[in-house]
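Open the model in your viewer and keep the selection panel at hand. The tour below goes from one selection to the next.

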Amino acid sequence: MESPISRTDLNCISLADPDIQKSVALLKQACLDSGFFYVVDHGISQEFMDEVFAQSKKFFDLPHSEKMKLLRDEKNRGYTPMLDEILDPENQVNGDYKEGYYIGVEVPADNPEANKPFYGPNQWPSEEVLPKWREMMEQYHREALRVAKSVARIIALALDLDVDFFNTPEMLGEPIATLRLLHYEGGQDTGRVSNPAKGVYGAGAHSDYGLITLLATDDVVGLQICKDRNAQPRVWEYVAPMKGGFIVNLGDMLERWSNSIFRSTLHRVVLDGRERYSIAYFVEPSHDCIVECLPTCKSETNPPKFPPITCSAYLSQRYKDTHTDLSSYSDSKA
């Protein structure tokens, strides 16, 4: 059984506000309460955001056979079909009713850095099929990373760290930053209206893996958060879309760093039958970064709750746990 769904209120942080202590206080309160907040005045124009969404739609409008030519590879770059991902296997009867497209940090195949699990060349639709698509997505990737670094500065201050703690080379200087375009089909034609009682979701309940996630959405409501994952029954609340702003949430690595002081909150997508588009930007530190309890987050009475782990090892396991084995698509990519 689930409680009736209400709508939650989130703190809103302006990156243009000169009062940094006000932003720190708003973020700290949000991180202790829900792990979700809005970010506005981030410097990405609405015109550009609208064009990125339009280009995303153009890709997902391509024939299925065309999209499957770009099926995600072992580096998790490229297209993910409907039901490819199952985020909540205990409660989902199928995978997520969404399709997506992963774009990571572009590293040429002949660069030694491309041997790292989450670095390498991206897959791109041809210029003939989608002109200037790559150019636009690469620009968005750069812009979103700039915003993420600004948010990370506020997070550092909220954790009583140096303002540039997360902006060192081993952290966000060489990040594993992944852009993911997402499309949830409308349900009127396909019958893909979410039904939690029957285990049918746009995206199953999960927490994000990394440091933070920046989410841009269209105006269709669908995202729900659960502030207390241990409550029975769980209480889910809708998060309203914010035109021109990002919905930002903390990931599991930040929960580990902060010794669970800051929360990586369960969230899911529940659809009412309307088509929905969103763009997630997942921000993680460098491959070799060791995620371990911060000095400001432990004491004799509050020892570290998690063992140290490298970012690369942690991410690799999480992706493996939630995505379909690529060998099952062996006949589909031809």
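**Stop 1: the eight-stranded sheet**

Select the open sheet of eight strands, ordered S2-S3-S11-S8-S13-S6-S5-S4, with mixed pairing. At its edges stand S2 (12–14) and S4 (78–80); each has a single partner strand, so one side of each lacks a neighbour in the sheet. On average, neighbouring strands here are turned by 25° against each other, direction ignored. Strands pair if DSSP finds at least two bridges between them. Strands (E, at least two residues) and helices (H or I, at least four) are DSSP runs, numbered from the N terminus.

This is a predicted model: local features need pLDDT of at least 70, side-chain atom pairs count only at pLDDT 80 or more, and totals for chains, interfaces and linings use all residues. Residues are numbered from 1 along each chain as its sequence is written, and side-chain values use heavy atoms, with hydrogens and water left out.

Now pick S8 (residues 212–217) and S11 (residues 246–250). They pair antiparallel over four bridges. Thr 213 has Asn 249 as its bridge partner in S11.

**Stop 2: two helices on the sheet**

Show H2 (residues 46–60). Helix H2 packs on the sheet and touches S4, S5 (99–103), S6 (176–184), S8, S11 and S13 (276–284). Its direction makes about 105° with that of S13. Next, show H4. Helix H4 also packs on the sheet, touching S2, S3 (36–40), S5, S6, S8, S11 and S13, and its direction makes about 115° with that of S6. Contact means heavy atoms within 4.5 Å. Axes are lines fitted to C-alpha atoms, for helices over the stretch in contact; angles run from 0 to 180 degrees between N-to-C directions.

**Stop 3: the core**

Which residues have the most contacts inside the largest nonpolar core? Select Phe 37, Tyr 140, Phe 166, Ile 212, Phe 246 and Trp 257; the core has 90 residues. H4 (residues 133–158) gives the most to this core, with 14 residues. A nonpolar core is a set of buried (under 20% relative accessible area, 1.4 Å probe, protein chains only) Ala, Val, Leu, Ile, Met, Phe, Trp, Tyr and Cys residues joined through side-chain atoms within 4.5 Å.

Zoom in on Tyr 140. Beyond four places in sequence, Tyr 140 touches Phe 48, Met 49, Val 52, Leu 179, Ala 216, Phe 246 and Ile 279.

**Stop 4: Ser 312**

Select Ser 312, in helix H8 (residues 311–322). Is Ser 312 buried or exposed? Ser 312 counts as buried, at 13% relative accessibility.

How values were computed
Buried < 20%, exposed > 50% of the residue type's maximum accessible area, 1.4 Å probe, protein only.
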